[in-house]
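Please take a moment to look at the sequence and the 3D structure before reading on. The paragraphs that follow go through them step by step, from strands and helices to single residues.

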Amino acid sequence: MKNRIITAIVFIVIIVSTVYIVITKDDRFYLSDEYYNNNSFSEITSDQVDGLINKKYILYTYNNYCSFTIPCDKIFQKFSEDYNIGILSINYEQFKTTSFYKTVKYAPSVMIISNNKIVAYLDADNNNDVDKYQNVDAFKNWLEKYIYLEK
Amino acid sequence: MKEKIVTIVMAVIFVCMGLFFGYTLLNKSDGLCELPVSEVTGGERGMLGIDKNINESNIDQYLAREDSVYRDMRMLKDVANYEAIGGDSYLSGYVKGFEVIPYPYLAEVKGLPEAVGKAYSGKTLFKQNEDGTYTANYEESLSILEYLFPKDKNIFLMCGGGGYAGMTKNLLVALGWNKDRIYNVGGYWNYEGNNKVEIKRTVNGKDVYDFWKVNYHNIDFDNLTRVQ
């Protein structure tokens, strides 16, 4: 009887520990080194995107829109300066020729890219993402869910 | 007995067929499907007033309707430098069936990103007041608008990114148009459908624009009567 109780307790502890580890697991990653200590907002082309297959970076695609309260590129540039993280930007016409266009259909958008895959992105069609386009802190909090802001 | 039953059954069948065909003929529609409700989408696109239910992704399903008009609100060559923010100052293409009426000729363009510089600042049919209302600059202003945007039709608006289309909808609604019959379809730059009419082509490395393909409505301000 005593042995059974001990076995049950050990079993429960193992299960609870496993669940705790899974829940609190940190999936964040570091961007590629060159994007830290770097507050540049660099324009790239779709050809250059092909050369970043093994990199981890933030990509901003922009488009013309005729009426906008706060230009979102100002928000992302401010973030880049404040947190010293480099962001790559690509105009929408170029962006449409990349493989990322299969997932991200509307500009403006910011994508977190890891080894040529989109980890997360801001959706221009989604109310839940509006604040991230218009507020540096909201944008930063969103990024922090996926990447480390310091190295 | 058996013959009577067969006769009655045949009679019932014929009556039912007659009723069916009669109903179909009397209620014959012109084949137009009902339009979904005009509803603004979310996010940044929603801030431009782009419609959730009819936009660049599915406008092809709603083209060439007799109960509707289709208006592209861009200039053939915009004064604003939209290339500075990844756009296109030229009307390099449009969706088949859309007729072009530059929004900048209807009312002042406001709220452009700094990078594009100044917008068109010439004559306009209306002036926007600080309270969001509009005042006609010409005696013919409203009748021109009523001709270009018939109130008894569904109105589909489009431009490059959805902004001019949104401004047009705001103008029309402020002047009394039914907002539920106006759809901001969004921008040609997001359009991937099957009804593109290409205007821009490259000849010997130089861009050439076939504006003669565009169904364009010009407004000759010199022949209008200025409101005193």
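**A walk through the two chains**

Strand E7 of chain B, made of residues 182-187, is mostly covered, since six of its six residues are buried. The model is a predicted one, and every value given here is computed from it. The partner of E7(B) described here is strand E6 (residues 154-159) of chain B, and the two strands pair in the parallel sense over five bridges. Within this pairing, Ile155(B) stands opposite Ile182(B) of E7(B).

In general, the strands of a sheet pair through backbone hydrogen bonds, either parallel or antiparallel. The sheet in chain A is open, has five strands in the order E1-E3-E2-E4-E5, and shows mixed pairing. Its edge strands are E1 (41-43) and E5 (117-121) of chain A, each of which pairs on one side only. From one strand to the next, the twist averages 35°. Strand E2 (residues 56-62) and strand E4 (residues 109-114) of chain A pair in the antiparallel sense, over six bridges, and here Thr61(A) has Ser109(A) in E4(A) as its bridge partner. Helix H3 (residues 72-83) of chain A packs on the sheet, where it touches E1, E2, E3 (87-91) and E4 of chain A, and its direction makes about 125° with that of E1(A).

A further helix of chain A, H6 (residues 136-144), lies across E2, E3, E4 and E5 of that chain and runs at about 25° to E4(A). Which residues of H6(A) are buried? They are Val136(A), Ala138(A), Phe139(A), Lys140(A), Trp142(A) and Leu143(A), and these buried residues pack against E2, H3, E3, E4, E5 and helix H5 (130-134) of chain A. The N-terminal end of H6(A) is capped by Asn135(A), which has a side-chain oxygen 2.9 Å from the backbone nitrogen of Asp137(A).

We now turn to charged side chains. Side chains of opposite charge can pair when their charged atoms come close. Over all chains, a search of the whole structure finds 19 salt bridges. One of them joins Asp131(A) to Lys132(A), with the closest N and O atoms 3.8 Å apart. Asp131(A) counts as partly exposed because its relative accessibility is 39%, whereas Lys132(A), at 12%, counts as buried. In chain B, Lys179(B) forms a salt bridge with Asp180(B), and their closest N and O atoms are 3.4 Å apart. Lys179(B) is partly exposed, with a relative accessible area of 48%, and Asp180(B) is partly exposed as well, with 42%.

The side chains of Asp207(B) and Lys200(B) also meet in a salt bridge, at 3.8 Å from N to O. Salt bridges that share partners join Glu93(A), Lys96(A) and Glu192(B) into one network.

Ser92(B) is placed in the loop between strand E1 (68-72) and strand E2 (93-95) of chain B.

Note on methods:
Residues are numbered from 1 along each chain as its sequence is written. Chains are lettered from A and ligands numbered from 1 in the order in which they are written. This is a predicted model: local features need pLDDT of at least 70, side-chain atom pairs count only at pLDDT 80 or more; totals for chains, interfaces and linings use all residues. Side-chain values use heavy atoms; hydrogens and water are left out. Two strands pair if DSSP finds at least two bridges between them. Helices (H or I, at least four residues) and strands (E, at least two) are DSSP runs, numbered from the N terminus. Axes are lines fitted to C-alpha atoms, for helices over the stretch in contact, and angles run from 0 to 180 degrees between N-to-C directions. Contact means heavy atoms within 4.5 Å. Buried means under 20% relative accessible area, exposed over 50%, partly exposed in between (1.4 Å probe, protein chains only). A polar contact is a pair of N or O atoms within 3.5 Å; within protein, one must be able to donate a hydrogen and the other to accept it, and residues adjacent in sequence count only if both atoms are side-chain atoms. A salt bridge is a side-chain nitrogen of Lys or Arg within 4 Å of a carboxyl oxygen of Asp or Glu.
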